[in-house]
Amino acid sequence: MLAAAEQDTLAPGLDTLAREAEALTRVLHALEAEHDALITSDAERLESAIADKNDALEGYMTAKSAREAVSTSQNLETLASHPQLSAGQRATGVELTSTIRLAGESCKTLNHRNGMLISALRDRTQQAINIVRGNDTGVTLYGQQGNAHLDGGSRVLGTA
């Protein structure tokens with residue numbers, strides 16, 4: 001069993017893991033909120049979700065830096081399974097590192113999904129702007145007599 005002074009020196013290592021796991025979970029929730037706002041085309045919610053995501057990312061980077069400063073190794077498992085930790089502390093460390101890894105993988109997946117959604121929405125918006133401006137060559141317009149004009153006409157329907 002560790003002396004109280006030794007336990008106090010090791011506890012911050014687990015505390016930093018807990019703060020990093022919590023911060024990364026906040027990033028995950030922010031990415032989910034961003035996705036929901038994108039799907040529902042809610043600009044106000046999207047702005048809020050992006051601000052929350054940026055705050056969460058900043059918190060995560062701070063927590064990760066704190067963990068790396070406490071640990072001589074950047075390897076999560078080394079910190080979590082330090083031989084001087086009690087069995088309960090090691091179990092907590094392993095659970096925290098697992099949470100960090102799973103949340104990190106989920107964040108990567110959600111961020112990629114949101115990026116693809118943003119790209120598709122941007123492409124559709126650009127297509128709509130091109131149609132309105134008369135720049136889209138693939139548009140078929142019909143004249144007064146019902147004749148198709150494959151050139152899309154030369155008139156601008158509006159500006160965006």
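A residue is termed buried when its relative accessible area is under 20%, exposed when over 50%, and partly exposed in between (1.4 Å probe, protein chains only). The model examined here is predicted: local features need pLDDT of at least 70, side-chain atom pairs count only at pLDDT 80 or more, and totals for chains, interfaces and linings use all residues. Residues are numbered from 1 along each chain as its sequence is written, and side-chain values use heavy atoms, with hydrogens and water left out.

The structure contains four salt bridges, a salt bridge being a side-chain nitrogen of Lys or Arg within 4 Å of a carboxyl oxygen of Asp or Glu. One of them joins Glu20 to Arg67, with 2.6 Å between the closest N and O atoms. This pair connects distant parts of the chain, Glu20 lying in helix H1 (residues 4-39) and Arg67 in helix H2 (residues 43-70), 47 residues apart. Helices (H or I, at least four residues) and strands (E, at least two) are DSSP runs, numbered from the N terminus. Glu20 and Arg67 are both buried.

A salt bridge is also formed between Lys53 and Glu34, whose closest N and O atoms are 2.9 Å apart. Here too distant parts of the chain are linked, with Lys53 in helix H2 and Glu34 in helix H1, 19 residues apart. Both Lys53 and Glu34 are buried.

Lys64 pairs with Glu68 in a salt bridge with a closest N and O separation of 4.0 Å. Lys64 and Glu68 are separated by about one helical turn, because they are four residues apart in helix H2. Lys64 has a relative accessibility of 26% and therefore counts as partly exposed; Glu68, at 24%, also counts as partly exposed.
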